[in-house]
Amino acid sequence: MLRNRPDVRREERKLAAQTARIGLAEAELYPILSVSGALSWESESASDLFSQVNRLFGFGPKLKWRIFEACKIQHRVDEETAQMNLRLAAYQQQVLDAVSEIEIAMTRLETESEYANRQLEAVNAHRESVKMIRESYLAGFVDLRRLLNALIDYHDTRDEEAAAQGRRSAFAAALFKSIGGGQMAD
C-alpha cells in the first residue's frame, strides 16, 4: 500500500539519487584509463595530400588520477554520505507518517462502520416500536402523545443513521486517499 503513495515514492527517488551521488563521488578516488587516437594528414602541396607518406597516426592510453586531491574527494564522499543519511531519515519519517495516516483512517472507518450498523439496528427497533405503538393507539390503549414521541424518536434515529452512513463514506474515501488512491505521482 505504501508504494502507491506519491509522497513515499518521491522520498524513495530522492534517497536513490543521493545514494548515486555517493557512488559518483567515490568514483573520483580511482584512476580513469582511456584510450585515444588521432589520424591526420599533412602536406605542403595539395597534389600529394592523400599519399601514404603524409598520413600521421597518434594512438595511446591516457591515465587520469586525482591522487593529490584524495582528501578533498574523501571529504566530498563523507558529505554525500551525510546527505544520504538525512535523506534516509526523511524517507523513514515519510513512511512512518504514511503508516500512521493509514492506521488512523482504518480505525476511523471501522469505528464509524460499527456505529452505523448499531444505528441501523436502532432504526429497525424504533420502526417495530412505532408499529406496535400505532396498533396500540388504534386499539385505544395509548394516547397520541406517546405515538408522536415514538415517531420523533424513529425519525431522529434515521437521521443519525444517515449521518453515520455519510461519515462512513467520508472515512472510506479518506482511507482510499491515504493508501495512495486517486493521487497523481509527482
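Along the sequence they follow the pattern α-β-β-α-α. Of its 186 residues, 22% count as buried, where buried means under 20% relative accessible area, exposed over 50% and partly exposed in between, with a 1.4 Å probe and protein chains only.

| Helix | Residues |
|---|---|
| Helix 2 | 70-139 |
| Helix 3 | 144-178 |

Helix 1, residues 6-27, has 22 residues and reaches 32 Å from its first C-alpha to its last, close to the 32 Å expected at 1.5 Å a residue, the expected span being 1.5 Å times one less than the number of residues. Its buried residues include Glu11, Leu15, Gln18, Ile22 and Ala25. An α-helix has 3.6 residues a turn, so residues three or four places apart point the same way. Helix 2 is included in what covers the buried residues of helix 1.

Tyr137, Leu138, Leu144 and Leu148 make a nonpolar surface patch of about 390 Å², to which helix 2 and helix 3 each supply at least two residues. Tyr137 lies in helix 2 and counts as partly exposed because its relative accessibility is 32%.

Residues are numbered from 1 along each chain as its sequence is written. In this predicted model local features need pLDDT of at least 70 and side-chain atom pairs count only at pLDDT 80 or more, while totals for chains, interfaces and linings use all residues, and side-chain values use heavy atoms, leaving out hydrogens and water.

Notes: Patch = residues over 30% accessible without salt bridge, like charges linked within 9 Å, V, L, I, M, F, W, Y side chains within 5 Å. Areas by Shrake-Rupley, 256 points an atom, 1.4 Å probe, with all protein chains shown as cover. Salt bridge = Lys/Arg side-chain N within 4 Å of Asp/Glu carboxyl O. Helix = DSSP H or I, 4+ residues; strand = E, 2+ residues; numbered from the N terminus. Contact = heavy atoms within 4.5 Å.
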